[in-house]
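This report covers a pocket lining, the aromatic contacts and a strand pairing. The structure is shown first.

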Amino acid sequence: MVTRTSPSSAAGRSTGGDQSLLRRINLGAALARFRAGPATVAQIGDTVGVSRTSAQQIVNQLLELRWIAPEKPAASATPQIGPAPRRHRFRAEAGYVAGVDLGRHRVRAVVADLGGEPLSTSTVEIAPDADSVERLQAARTVLEDCCRQARIRYSQVWVVAAGARGVIHAGTVVAAGGMPGWTGIDLETELRDRLERHVVVGNDCNIATVGEHWRGAGQDAASLVNVAVGQSIGAGIMIDGRLLTGFGGFAGELHHLPFLRWRGAAARLKADPGEEVDIKSVFDDARDGSETARKRVEDYTRALAEGVAVLVATIDPELVVIGGGLSASGDTLLEPLRRHLEPLTARMPRLEVSPLGPDAVTLGAVRIALNHVDTLIDAAADRLDEFPKPLRRVIAKG
């Protein structure tokens, strides 16, 4: 006789929903293991905590979905008895992501595979007073150009992440100076409609901070502050590996505090505030021995240090990264900054110049796009009919 149990008496037993959740967790864990490097069925079983039979089923599902592929066996230097265990690798070419930097003077994009390897970049110059429509269209232009260079279809780009000037909260630009028609724009929606892709947006300094943590000076630091210096000064904050944006997106926006002198700091590098001058050239002149340029650099770095000191006192980061356009000035910027900062801090953090230069925002955007791909995979893994099916790589003509 079969005894049927009521839902209440079946507590502690797996339900259909439990099994669906378990399958999603197991697929996600296995895929994460393959993302870390090639693996055998036995290694997947150890990672997921299932039997070899169950591990083989998981591997078969991922093979069917074309997320993984058999790895070509390497030639063995020493004779071995029996066949080597078959290993499978994550198919980084299964799809692509893009990072976009919507700057004031230029729009830049990079396309990368799902392993995070950049394949192509493209940049277009744009007038600072260009309207939002022109700037968003430039994003589509550079992205399409990247796809042509990488010889992939535009449709193979799954997610685009973009960094832009201004305070951005819930996809909308809350405040931005120097870019007409930018404040108030629903950037995520407008960019998604223009690019026809999944889109994630954020403040450029925040996204550059992710780039520094992933591929830049902050790879070994869990807590860091990334300060972008140039015509304007901005900062991104990461604590214990998590980006801090604040309740309304204003975290790190110290230029809104006039007593810290970050707003208009670049004017201190000019003999006349109305003077048109490449501010980097002032640092070049200071390096070459100009006393006038050196005094201007001293004033600029003193103002910069005051704001950095506030961040250091509040966050107590392990590392402060100096990025942005003036980071190329190296020790000409770093030495006076360190000298002005140290007396203002209870504990002086490590201070380094960004090695990424103009790529910090686009690389950070790539990392954020990859994180979003993982979220899409995780959300769909319990419904195999909706689980993303990677395309085989198609070489685009022309």
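## Pocket lining

The lining of the second largest pocket draws at least two residues from each of β8, β10 (198-203), α6 (204-215), β13 (242-244) and α10 (360-380). Helices (H or I, at least four residues) and strands (E, at least two) are DSSP runs, numbered from the N terminus. The model is predicted: local features need pLDDT of at least 70, side-chain atom pairs count only at pLDDT 80 or more, and totals for chains, interfaces and linings use all residues. Residues are numbered from 1 along each chain as its sequence is written, and side-chain values use heavy atoms, with hydrogens and water left out.

The second largest pocket has a volume of about 470 Å³. A pocket here is an open set of points on a 1 Å grid over the protein atoms alone, where a 1.4 Å probe fits, with protein on both sides within 12 Å along at least five of seven lines; lining residues have an atom within 4 Å of a point. The volume is the space filled by probe spheres set on the points, which are joined across faces, edges and corners.

Of the 21 lining residues, I207, V210, L243, T245 and I368 are the closest to the centre of the second largest pocket. Helix α6 gives the most to this lining, with 5 residues.

## Aromatic contacts

The whole structure holds 3 aromatic pairs. Rings of Phe, Tyr and Trp (its six-membered ring) pair if their centres lie within 6.5 Å; planes under 30 degrees apart count as stacked, over 60 as edge-to-face and the rest as tilted. Two of the pairs are tabulated.

| Pair | Centre distance | Plane angle | Class |
|---|---|---|---|
| W67 and F90 | 5.9 Å | 15° | stacked |
| F283 and Y300 | 6.0 Å | 90° | edge-to-face |

W67 lies in the loop between α3 (52-64) and β2 (68-70) and F90 in strand β3 (residues 87-90), so the pair ties together parts 23 residues apart in sequence. Both W67 and F90 are buried, that is, under 20% relative accessible area (1.4 Å probe, protein chains only). W67, F90 and W158 form one aromatic cluster.

F283 is buried, at 0% relative accessible area, and Y300 is buried at 0% as well.

## Strand pairing

Strands β8 (residues 167-169) and β9 (residues 172-175) pair in the antiparallel sense over 3 bridges; pairing requires at least two DSSP bridges. V167 has A175 in β9 as its bridge partner.

Notes: Buried < 20%, exposed > 50% of the residue type's maximum accessible area, 1.4 Å probe, protein only.
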